[in-house]
Amino acid sequence: MTAHGQFQGDRARTPEEEKFLKELARGIAGWPPTNPKLDSFKVFARIKPLVVILDVPGIETPDACTLQVAYWHDGPSGRTLEGEWGDSHVLDNHVYDGDGLTIIGLEEAPDTYGHFAANWMEHQLKRPVERLDWLQGGQAKESTWRLQDSGKIIARSGRSLRLPSKQPDRVLKVR
């Protein structure tokens, strides 16, 4: 779907996926005007499950900081929905904790799953984020973005992908 006001990327493969996407779009359309629009989301239907990805606004890193939801209508465990904070790789960061979304085997309609996905993504975008910088010569040499309420690292930039061993030189509120 590529028209303005619709998701970018692939079309749904099945009527169930279409119902999921329609409800997800309806939920997103109700977000405040400062939140991302539908055409900021990308749908991947070339893989199974159906995946919807949003580059998280306000987090500028060399590698993407994304929110990803995956919907299986007829997966090995029945209907399944997962949501995760990610990067440019699809579905490689899911953990079963309070920062992600995991619904397995709930016998609800696809549009209910779309509603769950929209609510989870909206909640994630409202969470407070802070950036920790390690400076060298007054410039950030390494930075880490984390959710302030849980401490989950959602993005990194700099020379290494590990957390530097010393305390950051500055901590900035992103939102």
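Visitor: What volume does the largest cavity have?

Guide: The volume of the largest cavity is about 40 Å³, a volume being the space filled by probe spheres set on grid points joined across faces, edges and corners. This is a predicted model, in which local features need pLDDT of at least 70 and side-chain atom pairs count only at pLDDT 80 or more, while totals for chains, interfaces and linings use all residues. Residues are numbered from 1 along each chain as its sequence is written, and side-chain values use heavy atoms, without hydrogens or water.

The structure holds 1 cavity of 30 Å³ or more; a cavity is a set of points, on a 1 Å grid over the protein atoms alone, where a 1.4 Å probe fits but cannot get out. The largest cavity is lined by Gly83, Glu84, Trp85, Asn93, His94, Val95, Asp97, Asp99, Gly100 and Lys152, lining residues having an atom within 4 Å of a point. By class, this lining comprises 2 nonpolar, 4 polar and 4 charged residues, with Asp, Glu, Lys and Arg counted as charged, Ala, Val, Leu, Ile, Met, Phe, Trp, Tyr, Cys and Pro as nonpolar, and the others, Gly among them, as polar.

As for strand pairing, strand β5 (residues 78-86) runs antiparallel to β6, joined to it by 4 bridges; strands are DSSP runs (E, at least two residues) numbered from the N terminus, and two of them pair if DSSP finds at least two bridges between them. Glutamate 82 stands opposite threonine 102 in β6.

Note on methods:
On a 1 Å grid over the protein atoms alone, a cavity is a set of points where a 1.4 Å probe fits but cannot get out, and a pocket is an open set with protein on both sides within 12 Å along at least five of seven lines; lining residues have an atom within 4 Å of a point.
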